[in-house]
Amino acid sequence: MSALWVAIVAVTVANVAIKAAGPILAGGRELPPRVNAVIALLTPALLTALVVTETFGEDGHLALDERALGVGVAAVALALRAPVLLAVVLAALVTALARLLG
Amino acid sequence: MRNEVGRGSEGYLAGMRAGLPFALVVGVVAISFGVLAHTLGWGVFAPIVFSAITFSVAAQFAVAAILGSGGGVFAAIAAAVLLNARFLPMGIAVAPFLEGGPLRRALEGQTILTTSWALASRGGGRFDRAFMIGATVPQYVAWTVGTAVGVLSHVVVGDVERLGLDVIFPAFFIALLMRELRSGGKRTIAATVIAAALSAVLVPIAPPGVPVLAACGAALLGLKERSS
């Protein structure tokens with residue numbers, strides 16, 4: 001079996017196991033309130049990390065580039081109660097424009 | 001904690017509609033993955049099977065980057081697994097809202113994608129399972145079909161970065177984060193600050209995937225919940 005197929009099979013098996021683990025372990029039962037409180041905080045923690053890594057992460061270092069401008073404009077629009085769709089479109093537009101001019 | 005929203009087929013259909021715009025972007029990225037796989041000499045069958053059974057954009061690009069630059073297969077697997085490690089905390093977060101026994105929940109868990117998971121979040125840590133499953137369907141089709149189109153045509157269509165489409169993901173995530181912050185209390189704000197600091201500090205020193213996983217440690221603030 002070639003290296004590629006070894007990678008395909010291994011990554012797929014790992015992926016299925018990772019995605020199955022949470023639902024098996026944390027689902028289908030009543031959990032203590034403290035555990036539920038931790039689980040509820042996973043969502044803002046994950047969203048924060050996704051925003052940070054996808055806005056500022058660039059090949060293993062932090063970068064302040066056109067993405068930060070676009071996401072920053074979206075954040076301001078959202079703070080002014082703009083609809084989500086408008087904010088997301090604004091982010092793409094501003095980023096594309098900044099890249100065009102930059 | 002039971003989800004009252006999205007019962008019946010409307011939840012799935014609404015999720016599918018919500019997943020469509022992301023599916024368009026995923027399709028364009030998939031074509032470029034197919035073209036990349038072709039230039040790496042992966043043939044036609046392997047890349048399409050890879051997309052169909054793994055369905056993981058970041059992990060598959062990591063495998064392509066590492067194997068393509070002469071890296072070892074174990075390095076490629078390790079990088080892909082680290083990138084996908086985020087599905088563990090995401091799976092824990094949606095777990096209380098999935099249905100049925102362990103096997104059924106494990107199967108429903110396979111539909112977790114970062115975008116679908118985010119689309120299905122309803123604030124305050126609640127999730128709409130039917131919406132998540134529905135949102136994954138068009139993205140799965142786009143990723144698999146797009147890979148096949150790229151492998152067979154060898155033609156890149158559209159430049160996701162030039163069109164600024166790469167930022168629709170963090171922009172969408174920040175919208176959901178702001179909703180969490182509005183509906184949550186001081187603890188949500190504290191968890192957000194800690195998660196931001198952890199992920200920012202780790203980006204330059206840890207392999208990709210680790211910053212997101214480690215940031216989940218901020219959720220341990222929930223242990224301060226009084227048992228009542």
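B:Ala62 sits in helix α3 of chain B. Helices here are DSSP runs (H or I, at least four residues), strands are E runs of at least two, and both are numbered from the N terminus. The model is predicted: local features need pLDDT of at least 70, side-chain atom pairs count only at pLDDT 80 or more, and totals for chains, interfaces and linings use all residues. Residues are numbered from 1 along each chain as its sequence is written, while chains are lettered from A and ligands numbered from 1 in the order in which they are written.

B:Ala62 counts as buried because it has 27 C-beta neighbours inside 10 Å. The cut-offs are 20 or more other C-beta atoms within 10 Å for buried, 12 or fewer for exposed, and partly exposed in between, with C-beta atoms placed from the backbone. Neighbours within four places in sequence aside, B:Ala62 is in contact with B:Ala76, B:Ala79, B:Ala80 and B:Leu83. Contact requires C-beta atoms, placed from the backbone, to lie within 7 Å. B:Ala76 is 14 residues from B:Ala62 along the chain, and their C-alpha atoms are separated by 6.7 Å.

Helix α4 of chain B covers residues 73–84. Its 12 residues reach 17 Å from first C-alpha to last, close to the expected 16 Å. The expected span is 1.5 Å times one less than the number of residues.

Chain B as a whole has 11 helices and zero strands. Its C-alpha trace spans about 60 × 45 × 35 Å along the principal axes. Buried residues make up 53% of the chain. Of the contacts in chain B with a separation of 6 or more, 71% join residues 24 or more positions apart.

The contact between the chains takes 65 residues from chain A and 83 residues from chain B. On the side of chain A, the elements giving two or more residues are α1, α2 (33–56), β2 (61–62), α3 (66–79) and α4 (84–101). The largest share, 23 residues, comes from α2(A). This side divides into 45 nonpolar, 15 polar and five charged residues. Ala, Val, Leu, Ile, Met, Phe, Trp, Tyr, Cys and Pro count as nonpolar, Asp, Glu, Lys and Arg as charged, and the others, Gly among them, as polar.

Helix α3(A) has 14 residues and reaches 20 Å, close to the 20 Å expected. Its buried residues include A:Glu66, A:Arg67, A:Gly70 and A:Val71. The cover over the buried residues of α3(A) includes α2 and α4 of chain A and α9 (168–183) of chain B. A:Arg81 follows α3(A) and has a positive phi, near 70 degrees.

Methods: Contact = placed C-beta atoms within 7 Å.
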